[in-house]
Amino acid sequence: MVSVEAEKMEGAAVRPKARRAVLAMPEYHPPLAGRNALRLDFNENTFAASPNVIERLRQTTAEGLTKYPEREGIEAIAAAHFGLQADQVLLTNGVDEAIHLLCAAFLEQDDEALVCTPTFFMYEVSAGMMTAHVTKVQADPSLEFPQERFLAAITPRTKLIMVASPNNPTGAVVSREHLLAICAAAPQAVVMVDEAYYNFFGESVMDDVGKVPNLMVARTFSKAYGLANLRIGMLAGCAELMKYVRKVSSPYNVNGVALDCLPVALADEAYVAWYAGQVRVGLGKMMDGLRALGVDFFPSHANFVLMKIGPKHADLVKAMRARGVLLRDRSTDPGCDGYVRITVGVEEHVTRGLAALKESLMEIGWTPDEIVAAQSVAAGEREYE
């Protein structure tokens, strides 16, 4: 007869456990605490959403907050705005959820997902939850997209490919020609092109949605539209594939306030064009300023610049925070040791950011010579496969 104490000990040893894939997957911990400063760290709109959106928010009623959100009518409006059919569009809780839904809909346990690193970390997180076979093609030190090596990594087991263009954190772009070549090389796979930073660059494969059967395009309204706090994004693809994504989506995945504001944000094209124009001018000013300071960087096509600071990367982030400016240290990204990313916003914020950067570099005793020394060491240590 088992004693009561033995039963208690046996019960104490049994605990719920997560799936092996969840235990093995990497974790994403965004450093969001204490961001009461100039936000040049998360690639957000640094200014504001459209004044029309703010006015729409003021019209939110107490009764409206009691209702479940209705997504379909707003999806039809968004689809029409982008020249698509309603059944080709799914609104999502940011692009983060779109990535998660694609992985849930199209990845079996033994399938392969393919990404190029460095890139948006949530690709690996979401894919790793479904399969242990996440193939990462590492960019070489130039940080350009490695098209030939990427194509060579496609296998018959590749079922989901995720490419960001412009890429985060580099700002590199992948040409439409290369993206369509990837789709053609992997007809058995869904190819998601993440165009989160499209508004600052302008080149897109959105017009190929429906024509290329395995192509999907993700867009966010967190960047140029300034709706990051409302958490709304969009996934577009052929109707047949979209029905599977819709099937795994929650029916109330996007909140009603975001749905109410989206048509207003889409309609104010002049505001989005103004903000994107501010960023493009600011991007040129930022890169010119970095050249003047002797800071090496990757030429960007987005609303941020990846700067090569070297061993003093953490010191720079700390010094900038002390001056009320937030940067994002990207040194833990594959191939980005010593890199720090700075967001580009409206002209005033670019000016403040550069002024603080100049002071901070002087404070930490940074010189371009440190980068040359670090590059010499890295050249002998790293291989790219």
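Modeller: A residue counts as buried when its relative accessible area is under 20%. Please keep in mind that this is a predicted model, in which the chain averages a pLDDT of 92 and 92% of the residues score at least 70. Over residues 379–385 the pLDDT is below 50, and that stretch has eight contacts in the model beyond near neighbours in sequence.

Colleague: Okay, so how many residues of strand β13 are buried?

Modeller: Five of the five residues of β13, which spans residues 339–343, are buried, so the strand is largely enclosed by the rest of the structure.

Colleague: And which residues sit on each side of it?

Modeller: In a regular strand the side chains alternate between the two faces of the sheet. For β13, Tyr339, Arg341 and Thr343 are on one side, while Val340 and Ile342 are on the other, and both faces are covered.

Colleague: Which strands are joined to β13 by bridges?

Modeller: Strand β10, residues 304–308, runs antiparallel to β13 and is joined to it by five bridges, with Lys308 standing opposite Tyr339. Strand β12, residues 328–329, is also antiparallel to β13, with two bridges between them, and there Arg328 stands opposite Arg341.

Colleague: Changing topic, is Phe106 buried or exposed?

Modeller: Phe106, which lies in helix α5 (residues 94–106), has a relative accessibility of 17% and therefore counts as buried.

Colleague: What is Phe106 in contact with, leaving aside its neighbours within four places in sequence?

Modeller: With those neighbours set aside, Phe106 is in contact with Asp111, Lys159, Val190, Met216, Leu241, Tyr244 and Val245.

Colleague: You mentioned Ser165; which residue does a cis peptide bond join it to?

Modeller: The cis bond joins Ser165 to Pro166, with omega about -5°, and Pro166 is placed in the loop between β5 and α8 (176–185). The peptide bond from Asn168 to Pro169 is cis as well, with omega near 25°, and Pro169 also has its place in the loop between β5 and α8.

Colleague: Last one: where should I look for a positive phi in a residue other than glycine?

Modeller: Most residues other than glycine have a negative phi, and most peptide bonds are trans. Asn43 has a phi near 60° and is in the loop between β1 (38–39) and α3 (51–58), where it counts as buried because its relative accessibility is 1%. Leu143 has a phi near 65°, is found in the loop between β4 (133–138) and α7 (147–152), and counts as buried at 4% relative accessibility.

Methods. Residues are numbered from 1 along each chain as its sequence is written. This is a predicted model: local features need pLDDT of at least 70, side-chain atom pairs count only at pLDDT 80 or more; totals for chains, interfaces and linings use all residues. Side-chain values use heavy atoms; hydrogens and water are left out. pLDDT is the predictor's confidence in each residue, from 0 to 100. Contact means heavy atoms within 4.5 Å. Buried means under 20% relative accessible area, exposed over 50%, partly exposed in between (1.4 Å probe, protein chains only). Helices (H or I, at least four residues) and strands (E, at least two) are DSSP runs, numbered from the N terminus. Two strands pair if DSSP finds at least two bridges between them.
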